[in-house]
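Q: I have this model open and want to go through a few local features. Can we start with the strands?

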Amino acid sequence: MNDPNVLAAQKWVNATYGGVNGYLDCDEDGNTGWGTVLSLTQALQHELGISPVVQNFGPGTYAKVQARNLRPGSETNKNIVRIFNYALWCKGYYASAAPDTWDSTAQNSLMDLWAGMGCPPEIPISAEMWPRVVQALLRMDQFRLVAGGSTLVQGIQRRLNSRYVLGFGIPAMRLVPCDGVYSRDVQQGLMMAIQYEIGIAPGSITGNFGEGTIAGLKSHPVAPEDLGTPLGYLFKAACLFNSPTYDHDFGEYPYSFSFTASEHGEWLRTFKAFSHMSQPATDIGDYQAWAQLLISTGDPYRGATGCDGITEITSQRGQALYNAGYRLVGRYLDEKLKEGDNGWLDKVIKPGELQTIFGAGLRVFPISQYYGGAASEFTFTRGEADGYNAYRKAKGFGFNRGTCIYFAVDYDAIGSEINQYIIPYFKGVRSILAQHGNYYQFGVYGSRNVCEQVSRNTGARWSFVSGMSWGFSGNLGYPLPRNWSVNQIREFDFDGDGVRDLDHDVWRATTDPGSDSVNSPAPGLDDLIVGLQKLEAAADSYANPDNKSRNRLVTDFIRYGLYDNLAWNVLLGLIEKEWIDHVKARDISVRDFQELTDPITQAVLSTRHLMASTAGFVRHDFTTGEASLADSAGWGGDLVTFYIEWRQNRDAYPTGLAFCQDRLGRTDVDSSFGHSDFIEDADAFNLSRRLQAGQRLSEAVADYYSGAGDGNVTADKRWRAFYANRFGADYATVEQLAKGVLTGDNIWQTIGDLYQLENSLRDSEQLPTAIPASELNSFLLGFRWAFTDRVDAEGGAS
């Protein structure tokens with residue numbers, strides 16, 4: 001919604017300064033943005049005698065404002081008064097109705113701004129502070145809490161300003177935003193504050209992580225008893241900025257300033273382990289901890305077991321890498337030069353090289369990079385083309401199904417470019433890989449912000465972080481993405497020939513394992529099929545007094561001991577003890593049916609949950625437009641537990657949509673409705689259709705996961721089949737059925753008992769039937785988006 005006062009500012013500044021040397025017009029649309037405030041900056045420069053004017057509030061502008069040393073109430077130049085009034089309007093404050101005069105309204109707003117910066121209103125704006133205030137006024141920085149901002153972060157921001165800018169007057173430090181959002185500017189302010197506290201002279205503080213800062217941090221570890229000191233406060237702030245809002249890797253809680261020393265220590269040890277620091281995970285804020293909290297490389301000289309490079313891995317080089325402690329190496333699938341480039345880098349995997357790598361005891365991860373150095377190179381169409389070429393090359397090299405290919409964003413993409421270019425590119429990659437049966441997974445290489453946004457918005461499985469590009473804006477003010485697998489922290493000369501030919505990478509081996517073979521069958525599926533066949537043979541020899549079907553007996557055994565409490569037995573029927581004894585006598589155990597590696601995504605699936613959910617859809621009838629007890633054994637039950645998780649954490653996620661976007665079906669987050677749960681629910685429904693068509697379970701599983709039989713009901717098109725056959729290929733029905741699961745009278749009692757809904761919430765006002773409709777609808781929309789995004793990735797409904 002445009003603002004008439006902002007529009008007046010735009011029209012005035014363009015009309016008044018349009019002919020000034022260097023001036024650039026701003027858009028006249030009534031919307032505040034960088035274009036408007038930079039045009040006002042150029043107007044101020046002109047009034048201060050600077051020529052040509054530039055779109056930057058640099059040292060020259062700062063010096064001119066300081067030399068003039070006139071506050072708006074004393075300013076005699078009416079155009080400068082206009083600039084200040086219009087700058088207030090652009091920042092969302094009331095200003096004078098007569099823009100060339102400075103009245104009490106404008107003055108009160110200026111003091112509100114001053115207080116918002118963390119400066120006590122009883123302290124007047126000094127000559128030293130006035131240029132910094134003007135600089136902040138003529139930027140897009142906000143000094144009020146914004147949507148999604150944290151009051152705790154805002155308190156830290158204001159402390160940085162009041163103690164280190166107003167109090168100690170660090171010359172290079174400008175006023176940081178006080179909007180409650182951790183950002184690059186806040187990170188810079190924090191770094192300067194730390195430099196002051198470790199003893200660097202104010203005039204020498206730059207905010208750069210240089211040798212002086214490194215030496216100071218090494219000599220200033222923060223022990224638990226130091227947390228109450230000024231440096232301890234800054235260390236806690238750095239911990240907060242690097243803490244996920246809500247993540248199982250961190251014990252399901254963010255960093256809190258109210259932590260006891262013991263709780264702080266627990267968080268710090270977990271953070272060190274998450275970041276894979278080479279030193280023991282103690283509760284001391286040592287140099288490695290400081291470095292990891294402050295720059296994307298962390299300590300670039302710490303030990304690491306991963307590497308990547310463009311140089312062929314020969315037997316000699318492979319042995320040398322292994323002896324140096326490396327166990328994973330990244331290599332390129334292909335390369336392509338833009339027109340005008342000179343020569344090839346010759347970085348592609350060579351014939352026979354993969355076997356050489358495996359023979360040296362190393363694993364490998366494939367990288368795809370054709371261009372990737374500018375925003376214009378990223379489009380949906382280019383993503384499809386690059387995705388297809390990567391698929392074709394990976395197949396040619398024999399990479400196994402489920403291998404993750406990392407697609408590179410090799411430049412400092414800013415937020416607007418990520419949304420406009422990078423995300424569509426990765427959606428193109430996702431689309432083409434889905435069209436080829438999701439034989440390979442895709443990951444993302446780039447800055448922390450690129451990795452996080454691409455993973456969040458396209459479902460990239462793993463992140464390969466360009467941490468050594470510590471100056472990238474996308475690495476400043478952003479924590480490590482939760483799904484990071486490789487963090488590139490240093491480039492160096494490995495073999496001593498004067499060429500920097502190897503990147504030193506921290507490898508989080510609990511994520512992407514890399515490949516240690518090619519042309520190998522998918523693991524786990526054959527074992528499961530054999531196990532199911534053994535159970536089916538046992539069923540054929542069982543007396544079967546209740547005349548249960550073979551498939552029913554098989555699923556009963558697999559769910560036995562886990563999905564057989566009173567509520568589950570009401571839902572799925574009782575399990576006969578005689579049948580369990582009969583199977584056990586044949587030396588078959590439920591331990592043989594724990595996990596299955598999905599051959600499509602390589603996600604680890606719970607076989608027992610899969611079979612219990614499948615049994616639910618076989619046992620209970622359903623119609624397309626109504627929620628059923630069949631749903632409660634699968635996706636509906638998971639949605640209920642996920643709803644409980646949201647309401648238990650509603651302070652962190654006030655909208656259901658945000659909670660779903662952050663936690664539902666994500667590959668990089670452990671939640672009650674995670675990536676594997678979602679797959680199991682879709683597969684359970686699809687398998688049940690095969691069983692109802694007359695297939696035995698072992699046959700249905702073999703055909704479904706190998707792509708045999710009906711092409712619409714196979715794992716490579718799981719979402720399309722689930723969407724079409726359960727939801728009638730209608731997005732509105734997805735929300736309708738989800739609402740029926742949460743609020744429908746016909747299944748409420750069973751689901752309530754099964755998932756202990758009211759006991760888990762401990763507050764009847766949080767039941768889905770009691771919260772405001774707008775809140776519930778937001779949650780339902782989040783589920784719909786998460787579901788239909790998967791359908792769209794497979795090319796839409798079949």
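A: A definition to begin with: two strands pair if DSSP finds at least two bridges between them. Helices (H or I, at least four residues) and strands (E, at least two) are DSSP runs, numbered from the N terminus. The model is predicted, so local features need pLDDT of at least 70 and side-chain atom pairs count only at pLDDT 80 or more, while totals for chains, interfaces and linings use all residues. Residues are numbered from 1 along each chain as its sequence is written, and side-chain values use heavy atoms, with hydrogens and water left out.

Q: Fine. How many bridges join β1 to β8, and how do they run?
A: Three bridges join β1 (residues 306–308) to β8, and the two strands run antiparallel. Asp 308 stands opposite Asp 503 in β8.

Q: And what about β7 and β8?
A: β7 (residues 484–492) is joined to β8 by six bridges, again antiparallel. Glu 491 has Asp 503 of β8 as its bridge partner.

Q: Is β8 covered or open?
A: Mostly covered: six of the six residues of β8 (residues 502–507) are buried. Buried means under 20% relative accessible area, exposed over 50%, and partly exposed in between (1.4 Å probe, protein chains only).

Q: Which residues of β8 point which way?
A: Leu 502, His 504 and Val 506 point one way, and Asp 503, Asp 505 and Trp 507 point the other way.

Q: Why is α2 called largely enclosed?
A: Because 10 of its 14 residues are buried. Among them are Val 37, Leu 38, Leu 40 and Leu 44.

Q: What do they pack against?
A: The buried residues of α2 pack against α1 (4–17), α3 (59–68), α4 (78–90) and α6 (130–137), where contact means heavy atoms within 4.5 Å.

Q: Which peptide bond is cis?
A: The one from Ser 51 to Pro 52, with omega near -10°. Pro 52 is in the loop between α2 and α3.
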